[in-house]
Amino acid sequence: MNHAPSLANLTGSGRFPRLGACAMAMAGFGALSGAATAEIPRASIQVNLSQPKAPVPPTLYGIFMEEISHAFDGGIYAELIQNRSFEEGVLPQGMKLVKKDDGNLKMELAKLPPGVPKDKWDIPWPWFNNCGWQPARDLLGWTLETTGGATGEMKLTEANPMNAASSRSLALTVGAPTAASGRAALVNSGYWGIAVRTGTSYALKWYVRPGTFEGTVTATLEGKDGKVLGQHEFGTLAPGDRWQRLTATLAATGTDPQARFVLSFRGKGNLQVDWVSLFPPTYKNRPNGLRVDLAQHLEQLKPSFIRYPGGCYVEGLSWESAPDWRTMVCPPEDRPGQWGYWQYRSTDGFGYHEFLQFCEDLGSDAMYVAFCGMTVHPDNNMPLDQLGPVIQQTLDAIEYALGPVASKWGAVRAKMGHPQPFPLKYIEIGNEHPPALYGDYYQKFRAAIKAKYPDLVVIMSMYWSGLNPQAIARAGDDAIDVVDEHSYKPSGWIRNNFDYFDKYPRKPWKIYVGEYAHHHGGGDWSAAMDDSVYLMMLERNGDLVKMASYAPLFVNVNNRSWGVNLIEFDASRSFVHASYHVQKTYAENRPDVNLATTVEVSPKPDPKLPLLAGKFGLGSWSTLTEFKELRIYDGNNQVVFSDDFANLQHWDAPGLGQWKTEHGVLKQSDPNRGPTSLFLKTELKSGRVTVKARRVGGNEGFLMFFHAAGPERYMFCNYGAAGNHFSAIQGTPSDVIATKGGGDLQGPIENERWYDLTLDLTRNTAEMLLDGKRVSKIEADALPAFFATAGYQQQNKTVLVKATNYHPTPLLAEISLDGVANVAATGQHLVIRADKAEDENTLEQPNRIVPQVLPLGNCAKRFQVTLPPHSVNVLRIQAN
């Protein structure tokens, strides 16, 4: 995963809608002239079959799996018990705890390499708070309940460990109940609930050291209402000092998506419990397996490859806490797990072996990302001359996957039940390391790998946007197989950068886009349309771009670490975002080769159209504010509107928040609402806006909205953003423009001081000022609203036309097929569309946006087809 924050975090507190860029401009005051034209949009798509272009590689479409947002534990790894081995509160190796100024704890590196001029951990991405520490996590997921006169206490202990991987267990002291129904109940809530379904059997395995306990134990699955949904009686436990493994099958007689697991103790004495595991039926019925619905979502993508395990996860907070695959090729009970980058501990249940097995199950090539000696701390890197053991660790990982059973690690693979080699094809060296020195690290790893495994593809990681030319230069163009460029982009970026890879230098190495996604909403249809155009660009540059994978792949809706994700789920449900359908449809309709394609669109954009026209408003975020003396000037510096706030007649009252006018001052008095807003009834197209503002109390400063559709979408000047630390232009532009520029002004907004706020708007710029000083300035560009490419499948002699229509109206496309002898009269029209760009699938409406298959009639060398508004289309036409 990428280290960089979402764009909202780059320019603000992250609580506002995600940015289409840093800022945006506006147009003039008065009734807004219609931006839409009455003319139906048309496109001419001319395809020449006699001019083949770059091939489209069959390896292009893959997936990337990382432990983030509980993608593995509490996600695709089917284990239902959270914190099953009571290790959640174990401090990562190589770290120490220190007390912050506010009394809370955080992690710091226990040590840094010699010569580093820093003496403490300084996480490079503070908004994720990845170095924060919560002592209460120790018993995450577990509670102890007593009823019917029973007594009980629980605490963690390091005494009498179950095995070398388990440093802690749970010590229980239990007193016998006085009522027949009494019990001391050890309860696990699962990962935000345990999904229990009637008729389903659940496999239980747990370990107990009875100690002095004398009594009975019962395992149950219980609904939120306390109803028993499945039960097993273990009978009487005899006292003893040896760890015992107990197993059972719990057959569910009812359904509850928010059930819980309970061990009920009836008796008295002291005992220890460890490694409590509960599995539902798994994908392909594999032991220690995967959640069926999530695995099937991936199976249906038919990925050519799978990248694992990171992402930031692979780097570790320290050298010692980086993932070590060797701890994952053993029974799950013997795996110590590790603290991950994303603020929780991983069991490593979905470990290296399970990853390789899943690749085989899906028919995908495996891409293993190796720790390269560089961590997330930019100065905490192993010296080059000490990389030998880390390189050997990677060579051993390759041997585990590919080596003969007579080899050391091939024998371990066979012991794990898989004597045949796994489909490992790619090794990536580290993740997103910006220092130029990384080129030397890659060079050493690649040389060692190629010496023993010359056919493996060794991938060089870039950072989160663009190339790392300094590192490439140090490694040398001829000594690089593939570079991994990540691409997290704001909404609309691709529409102004459709030629991004066309302009790329062609070198001996190729491109893997290991992490890509356009950010808009929570991954809405606007973002999916952008992703469709991005994939068109990748296909068109198939001579350079060989592989791509969306990121992140999974998110548990109860623990969201990233703004957009491909697949979302809770304990019992899942759904795929529209970008999933785009990737799946494109992969299923991948051409063998691109065809020369010319696209012409009409009508052309109006060069005089005010790009930033929209509603104007005032507001605040959890702050008491006052405004007075609002003025709007035209281009000749003449006042065209003024308001001294005698009343609210010019405004769409009541607005959001608590607004009133008093003695010529507009006041917002809700201290908790964020954001509050009050919009003018008349739209703003261009001009200079001035207003005086005063902060009376609260957390931040003032908001001045522009280019707004209303409270649901807007751009704004944010004075005192992110807890009153800086000011900048933020917000979400309309889907017909893109913005560039930006900037900010550091410093807070003071209480009880009148400030002069100014917004200067032209046809395509917005400039924000505070007391006459520039804060931020952005420019807007009109975005193309239609894109198309074409290719050919040789085996079935089919022309594939991929077209995305951003227009809110249908588009009439005229298809011209040149260089053909025969065209079938009918074809197929695959379409994915939404009513609005902001639409998206949800847990409640998982099929709001899904592909449709329509007949395509009247096909010929020249024919027309209507493409729906807001649509991604694939046209299949047989021609030779």
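User: How many aromatic pairs does the structure hold?
Analyst: The structure holds 41 aromatic pairs. Rings of Phe, Tyr and Trp (its six-membered ring) pair if their centres lie within 6.5 Å; planes under 30 degrees apart count as stacked, over 60 as edge-to-face and the rest as tilted. This is a predicted model, where local features need pLDDT of at least 70, side-chain atom pairs count only at pLDDT 80 or more, and totals for chains, interfaces and linings use all residues. Residues are numbered from 1 along each chain as its sequence is written, and side-chain values use heavy atoms, with hydrogens and water left out.

User: OK, what kind of pair do Tyr308 and Phe350 form?
Analyst: An edge-to-face one, with 5.7 Å centre to centre and 90° between the planes.

User: And where do those two lie?
Analyst: Tyr308 is in strand S17 (residues 305-308), while Phe350 is in the loop between strand S19 (345-346) and helix H3 (352-362), so the pair ties together parts 42 residues apart in sequence. Helices (H or I, at least four residues) and strands (E, at least two) are DSSP runs, numbered from the N terminus.

User: Is Tyr308 buried or exposed?
Analyst: Tyr308 is buried, at a relative accessible area of 3%. Buried means under 20% relative accessible area, exposed over 50%, partly exposed in between (1.4 Å probe, protein chains only). Phe350 also counts as buried, at 2% relative accessibility.

User: Why is the pair of Tyr308 and Phe355 stacked?
Analyst: Because the ring centres of Tyr308 and Phe355 are 4.3 Å apart and the planes are at 10°. Phe355 lies in helix H3 and Tyr308 in strand S17, so this pair ties together parts 47 residues apart in sequence. Phe355 is buried, with a relative accessible area of 0%.

User: Which residues form the aromatic cluster?
Analyst: One cluster is made of Phe72, Tyr308, Trp325, Phe350, Tyr352, Phe355, Tyr368, Tyr400 and Trp409.

User: New topic. Where is Ser264?
Analyst: Ser264 is in strand S16 (residues 256-279). Ser264 counts as buried, at 2% relative accessibility.

User: Which side chain does the side chain of Ser264 make a polar contact with?
Analyst: That of Arg183, at 2.9 Å. A polar contact is a pair of N or O atoms within 3.5 Å; within protein, one must be able to donate a hydrogen and the other to accept it, and residues adjacent in sequence count only if both atoms are side-chain atoms.
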